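Have the viewer ready, and let us go through it topic by topic.

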Amino acid sequence: MEIRKVLVIGAGQMGAGIAQVAAQAGLEVVLNDLKPDFLERGIATITKNLSRDVEKGRKTEEEKAAVLSRIKPTTNMGDAHDAQLAIEAATENMEIKKNIFRQMDEVLPEGAILATNTSSLPITEIAAVTSRPELVIGMHFMNPVPVMKLVEIIRGLATTDEVYKSIEDLSKQMGKVPVEVNDFPGFVSNRVLMPMINEAIYCVFEGVATPEAVDEVMKLGMNHPMGPLTLADFIGLDTCLAIMEVLYEGFGDSKYRPCPLLRKYVKAGWLGKKTGRGFYTYS
Ligand SMILES: CC(=O)CC(=O)SCCNC(=O)CCNC(=O)[C@H](O)C(C)(C)COP(=O)(O)OP(=O)(O)OC[C@H]1O[C@@H](n2cnc3c(N)ncnc32)[C@H](O)[C@@H]1OP(=O)(O)O
Ligand SMILES: NC(=O)C1=CN([C@@H]2O[C@H](COP(=O)(O)OP(=O)(O)OC[C@H]3O[C@@H](n4cnc5c(N)ncnc54)[C@H](O)[C@@H]3O)[C@@H](O)[C@H]2O)C=CC1
């Protein structure tokens with residue numbers, strides 16, 4: 001089945017990026033979020049990214065306009081009744097995702113693929129709330145989506161080879177490099193990345209070093225492009241905590257215990273860059 005129209009759920013940092021790369025790949029995009037304000041913020045981010053591409057000579061004004069014209073922001077999921085694919089990029093919470101998948105199952109036509117950009121949650125469990133588990137798959141983009149090459153593809157227990165192939169092909173069409181991994185908590189990306197971030201937070205919590213010092217060590221000592229605390233702020237501390245909880249509960253192993261300081265920051269509403277404060281402050 002040729003994928004021409006895609007529904008993207010969530011216009012946050014990931015949903016906006018996914019909408020942009022999908023529209024750049026020539027797809028028609030229906031971008032859905034709960035409130036018009038959230039959609040406006042998502043479109044503003046996409047517009048800013050495209051303007052930078054124009055300034056840098058990577059796109060013409062016409063190409064920028066064409067990409068934007070392919071993205072339809074809407075609070076009504078029903079606008080995607082004729083889409084061949086949905087990519088869900090809403091908040092990292094199982095109940096929220098299950099509700100969205102039930103809704104998408106009703107709205108999207110028979111045969112349409114339902115993908116999730118979840119960072120860590122089991123694809124098989126999400127698929128089980130739909131009438132089409134064979135058409136459900138994990139399509140995990142990395143942040144910032146327009147820049148990062150990887151898409152981790154995760155099959156649920158029932159996902160068919162045809163669906164896997166369609167998502168693999170689409171990832172390539174979007175200029176990405178797909179890598180297949182199995183359906184285990186945190187997949188590969190966050191099983192490896194998030195315990196490192198959590199450990200960096202423990203270093204601050206236990207007074208081993210300041211956030212600045214922890215980040216300097218990892219940047220200058222290990223050549224990481226961003227220190228782990230800057231990266232945690234960039235990802236979103238709510239998302240980091242949600243992923244650690246999935247690892248902790250999923251494996252039942254105390255080595256994944258979320259750092260109490262991470263919990264405290266999330267309870268305070270210090271979610272990182274997106275709220276203006278996390279381990280660092282942002283204007
Ligand atoms: C949590 C999960 O489930 C999975 C995840 O996504 S984990 C997070 C994975 N991501 C990472 O680890 C990112 C680590 N950081 C980096 O790779 C780099 O710091 C970075 C690519 C984000 C920025 O690169 P940099 O060299 O430090 O800065 P900078 O020179 O400003 O940016 C490099 C390019 O990226 C672009 N860029 C940076 N941030 C961007 C953003 N938020 N959106 C779009 N483009 C962005 C810049 O415009 C720039 O492009 P050009 O110069 O070609 O125009
Ligand atoms: N932040 C990151 O670095 C990465 C995040 N992810 C995953 O992507 C998903 C989204 O993360 P972010 O974009 O960072 O979060 P975000 O907080 O920036 O955006 C989430 C958006 O989803 C919307 N939303 C929530 N419930 C909704 C619903 N029922 N219907 C429509 N929209 C709804 C919110 O209003 C918000 O705009 C999560 O599953 C996260 O784990 C995946 C890769 C990287």
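G15 sits in helix α1, which spans residues 13-24. Please keep in mind that this is a predicted model. According to the unreviewed UniProt entry, the "binding site" annotation covers G10, A11, G12, Q13, M14, G15, D33, E92, K97, S119, N143 and K274.

**Two annotated residues up close**
- G15 is buried, with a relative accessible area of 0%.
- Beyond residues up to four places away in sequence, G15 touches V8, G10, L31 and A89.
- E92 belongs to the loop that runs between β4 (85-88) and α4 (94-107).
- With a relative accessible area of 13%, E92 is buried as well, because the cut-off for buried is under 20%.
- Apart from neighbours within four places in sequence, the contacts of E92 are K97, T118, S119, S120, L121, A242 and I243.
- One of these partners, T118, makes a side-chain to side-chain polar contact with E92 at 2.9 Å.

- Oxygen atoms of ligand 2 lie 3.1 Å from a polar backbone atom of A90 and 3.0 Å from a side-chain N or O atom of N117.
- A nitrogen atom of ligand 2 is 2.8 Å from a polar backbone atom of I235.
- Ligand 2 exposes 840 Å² when taken alone, and the protein buries 89% of that.

Notes. Residues are numbered from 1 along each chain as its sequence is written. Chains are lettered from A and ligands numbered from 1 in the order in which they are written. This is a predicted model: local features need pLDDT of at least 70, side-chain atom pairs count only at pLDDT 80 or more; totals for chains, interfaces and linings use all residues. Side-chain values use heavy atoms; hydrogens and water are left out. UniProt positions are given in the numbering used here, feature names are shortened, and annotations may be inferred rather than shown by experiment. Helices (H or I, at least four residues) and strands (E, at least two) are DSSP runs, numbered from the N terminus. Buried means under 20% relative accessible area, exposed over 50%, partly exposed in between (1.4 Å probe, protein chains only). Contact means heavy atoms within 4.5 Å. A polar contact is a pair of N or O atoms within 3.5 Å; within protein, one must be able to donate a hydrogen and the other to accept it, and residues adjacent in sequence count only if both atoms are side-chain atoms. Accessible areas come from the Shrake-Rupley method with a 1.4 Å probe; for residues, only the protein chains shown count as cover.
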